[in-house]
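The following note sets out comments on the pockets and aromatic contacts of the structure shown below.

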Amino acid sequence: MTIFLFHHAGGDKYAFQSIEKQLQNRYQVIVYELPGRNYRLHEPLENNIAVIIEDTYNTLKEHLENNHEFVFIGLSMGALIAFLLAQKLQKEGKPVPKHIFLASRKSIEQYEYNEPVSQKSSAEFWDAVKYFGANIDGLLQHQELKDYYEPIIRNDFHCLEKFNRNYHSYTLPKLDIPISVLYGMEDKSIDEKGAYSWQQYCNKTIDVKSFNGGHFFLV
């Protein structure tokens, strides 16, 4: 069994260090990393979700095609990527995950009218990031870290905001893949109702589980 992990907005592969360490004792673990960070630092940031899904597939293609038993685990923005990648695989008749775990994110249409934050002033932007429960107090004390991370997080938020406004233009058929939706009970951005909103995108009955913690309970 292979487990593919997809990180949150502004994150990178190291967001999953602790969970990866636990899983790799029993499974092959592959972490997808968005362009413009860490080993992909030489690549430009990408804010078009359709391009990201193609990049995700092309990056993982060899592993996806050579594994007949695999699952997706996505956190926040990573949940959206995992879901859309699974849709692409199903639509094109390629091997699909045995199960998808979507953490800390409501279904697609739930964000259509969210206030955009990617164009806010720096102070307002960081306040919006903190709303999600990110532990960034230490980061904010170091200007060089702020200067490094702010463009990355802004870009990812901008990507999500563009998708939220234009999701109607995407073909979003229901998946025939079992889905579990996971959320933290202290997460301000999702509750049980929001978790169950994914049901409309799945032909099977979805499983919803709550956990102690906030938006980043998974890591």
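**Aromatic contacts and pockets**

1. Phenylalanine 72 is buried, with a relative accessible area of 0%. The model under review is a predicted one. Phenylalanine 6 is likewise buried, at a relative accessible area of 0%.

2. A search of the whole structure gives 15 aromatic pairs. Phenylalanine 6 belongs to strand β1 (residues 2-6) and phenylalanine 72 to strand β3 (residues 70-75), so the pair ties together parts that are 66 residues apart in sequence. Ring pairs also join Phe4, Phe6, Tyr32, Phe70 and Phe72 into a cluster.

3. Tyrosine 131 and phenylalanine 132 make an edge-to-face pair, with 5.6 Å centre to centre and 85° between the planes. Tyrosine 131 is partly exposed, at 41% relative accessible area, and phenylalanine 132 is partly exposed at 27%.

4. Two charged side chains lie over ring faces: lysine 106 over tyrosine 111, at 5.3 Å from the ring centre, and arginine 154 over phenylalanine 125, at 4.4 Å from the ring centre.

5. The largest pocket has a volume of about 980 Å³. Its lining comprises 38 residues, with Ala9, Ala128, Val129, Phe132 and Phe157 nearest the centre. Helix α6 gives the most to this lining, with 7 residues. The lining of the largest pocket divides into 18 nonpolar, 10 polar and 10 charged residues.

6. The second largest pocket holds about 270 Å³ of space. Of the 13 residues that line this pocket, Ile53, Leu84, Lys88, Tyr170 and Thr171 are the closest to its centre.

Definitions and conventions. Residues numbered from 1 in each chain as written. Predicted model: local features only at pLDDT ≥ 70, side-chain atom pairs only at ≥ 80, totals over all residues. Heavy atoms only, no water. 1 Å grid on protein atoms, 1.4 Å probe; cavity = no way out; pocket = protein on both sides within 12 Å on 5 of 7 lines; lining within 4 Å. Points joined across faces, edges and corners; volume = space filled by probe spheres on them. Helix = DSSP H or I, 4+ residues; strand = E, 2+ residues; numbered from the N terminus. Nonpolar A, V, L, I, M, F, W, Y, C, P; charged D, E, K, R; others polar. Phe/Tyr/Trp six-rings, centres within 6.5 Å; stacked < 30°, edge-to-face > 60°. Buried < 20%, exposed > 50% of the residue type's maximum accessible area, 1.4 Å probe, protein only. Lys NZ or Arg CZ within 6 Å of the ring centre and 35° of its normal.
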